Amino acid sequence: MARRPRTGGGRAPDVFARGGWVPMREYPDSDEVDFAIVGAGAGGATLACKLAEAGFSVVVLEAGPFWRPLEDFASDEEAQQELYWLEERLTGGLDPIALGGNNSGWGVGGSTVHFSMISLRFRPEWFRARSLLGYGVDWPIGYDELAPYYEEAERALAISGPLRYPWGPPHRRYPYREHEMNAAGLVLARGAERMGVAWSPVPLATVSAPRGKSPPCVYRGFCNFGCSTNAKQSALVVWIPRALRAGAEVRDLAMAGRIELDAAGLASGVHYRRDEEWRFQRARNVVVAGYAIETPRLLLNSACARFPQGLANSSGLVGTHLTTHAGPGVWARFDEEIRWNKGPPNMAVCEHWNYADEGKDFDGGYAFMSQGPLPRAWAQLVATSQNLWGMALREAMLDYNHMSGLVAVAETEPRIQNRVTLAAKRDRHGLPVARVDFAYSDNDRRMQEHARRFMGRMLEAAGGRDLWSSEDTSHILGTCRMGASPDSSVVDADGRSWDVRNLWICDGSLFPTCGGVNPSLTIQALACRIGERIRRLSARGEL
Ligand SMILES: Cc1cc2nc3c(=O)[nH]c(=O)nc-3n(C[C@H](O)[C@H](O)[C@H](O)COP(=O)(O)OP(=O)(O)OC[C@H]3O[C@@H](n4cnc5c(N)ncnc54)[C@H](O)[C@@H]3O)c2cc1C
Ligand code: SF4
């Protein structure tokens, strides 16, 4: 059934009430709004909220639907695949990345609607990776500059976390207490303690006690398929309601296709398709926040006579230096019942190898977490990794409640040849589809090998047997890197294009290096900072 937009007529869905609505301010296309933002995910929704609360007029264009969690999200792994960006993308290179559910989301809230809620800060030294650790590249801002915005994001998302997190500089306690640990997390804890390394409950963006209209998490584990209770503090239920209250307009099912420039070479607005019709929203500033594949795609597709290589691309770097997190996994059978699907998918973490610089044969770092795949995802992994089918697969699935595993979030090096380009093929809107090319470096492979060995030892120390391993990737980042100079980066430290000064980027594309943790807290902290920087620049007349 074809979807119809839900926002319009002065209202948007109320995510907290079945069939409910909240008022929404609207702007005609012909109004030159202060900011048109493409994408309502981790970066775009956060920035929309911050800018609207600062008094700017904001229109958000979101390609996907405005979800109603209480009605749209079912406890059904198959039906909920619609939360993912499943439009065609091409994948290539020596180590092609599987594109689909493990990458990005579609709809208001973006990938945070189906994310696993892990909310970790970057190691401070990663912002100076080249100068202090000798690999990758330095960020144009330091940890100290981002720290207040990490705190702002943690409070806005009501992170439930431990009283003391064992790694990184001390910071104020998390707003909500940590969640009760599940059995899969206790496996990691037991193994870590037997090996003498630290572990911790994962700071999670799902509440451990009631918060406003959000009830506490009920530990059913459907987090990657949309949380139907609203315990999950996604951008859809945190930043978007605030943005709407502050006067932002969110247009769902509005696919941006091209950014237009005026005669002076400044962005004048966005061409977008909604209800089968191409329209043009005028804007004084344009922000691209479409995820690290769609953001470079839109910039490249906005090539014009003045910028034939695409917008913000005089450095030739748009789309390049794509990083992902390698996700080597190790799995083991335990005699006791684990029932790992109970609770959010990743409840315990070990960041030992993000903070240890000695005794390793690779640059960069990795974290790893306990796992809790639901049955369909587990069957798919067993079938594809172990090549089991028919009766053999059925028998393997009988062990489901006795399994436990660890999967790493392992940093990959930013390399120019790993990139997003435009393919000749066109999508249903007539736009060229994105092609993603990727290959691991030798360092990336050594790190994965190290992670597999270390996690395997930990599972054995915890009492696991019949170990086997798998490969995967998660989180694509870094295709429009921020930096200190126009020849080595796409945007400056504020996400502002060097070439087109009223064009901004605010999503995971900004990351110069990807660190060894999940990125969404850093994306949201960066968006809070960019919002504040824009407010200050505007106050000084420098927008
Ligand atoms: C299964 C899974 C689990 C994850 N778990 C975690 C986790 O536990 N912790 C963590 O930190 N991270 C996690 N992530 C990653 C995290 O969710 C993303 O890295 C993060 O949300 C990316 O933010 P973003 O702003 O770059 O893009 P997104 O949040 O993906 O938002 C981009 C939005 O832009 C829209 N869009 C794109 N192109 C256009 C266009 N042309 N016009 C209009 N709209 C457009 C998209 O529809 C989308 O809604 C997970 C990801 C997946 C897939
Ligand atoms: S386990 Fe918690 S966060 Fe996950 S879907 Fe259930 S209630 Fe939501």
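Me: What is a salt bridge?
Reply: A salt bridge is a side-chain nitrogen of Lys or Arg within 4 Å of a carboxyl oxygen of Asp or Glu. The model here is predicted, and in it the side chains of Asp275 and Arg4 meet in such a bridge, at 2.8 Å from N to O.

Me: How many salt bridges does the structure hold?
Reply: It holds 39. One of them joins the side chains of Arg297 and Glu294, at 2.7 Å from N to O.

Me: Where do Arg297 and Glu294 lie?
Reply: Both are in helix H7 (residues 291-301), three residues apart, which is about one turn of the helix. Arg297 is buried, and Glu294 is buried too.

Me: What separates Glu449 from Arg452?
Reply: About one helical turn, because they are three residues apart in helix H11 (residues 442-461). Glu449 is partly exposed, at 36% relative accessible area, whereas Arg452 is buried, at 16%. Elsewhere, salt bridges that share partners join Asp29, Glu249, Arg251 and Arg279 into one network.

Me: What shows where empty space is left?
Reply: Rolling a probe the size of a water molecule over the atoms shows this. In this structure, a search of the whole finds four cavities of 30 Å³ or more. The largest cavity holds about 80 Å³ of space. Its lining includes Leu120, Phe122, Trp167, His171 and Glu351. By class, that lining divides into eight nonpolar, two polar and two charged residues.

Me: Which residues line the second largest cavity?
Reply: Pro69, Phe73, Val113, Cys227, Asn230, Lys232, Ser234, Leu236 and Val237 line it. About 50 Å³ of space lies in this cavity. The lining has six nonpolar, two polar and one charged residues.

Me: Which residues are around ligand 2?
Reply: Among them are Met117, Thr206, Tyr219, Arg220, Phe222 and Cys227. Cys227 also belongs to the lining of the second largest cavity. The shell around ligand 2 has eight nonpolar, three polar and one charged residues.

Note on methods: Residues numbered from 1 in each chain as written. Chains lettered and ligands numbered in written order. Predicted model: local features only at pLDDT ≥ 70, side-chain atom pairs only at ≥ 80, totals over all residues. Heavy atoms only, no water. 1 Å grid on protein atoms, 1.4 Å probe; cavity = no way out; pocket = protein on both sides within 12 Å on 5 of 7 lines; lining within 4 Å. Points joined across faces, edges and corners; volume = space filled by probe spheres on them. Nonpolar A, V, L, I, M, F, W, Y, C, P; charged D, E, K, R; others polar. Near = heavy atom within 4 Å. Helix = DSSP H or I, 4+ residues; strand = E, 2+ residues; numbered from the N terminus. Buried < 20%, exposed > 50% of the residue type's maximum accessible area, 1.4 Å probe, protein only.
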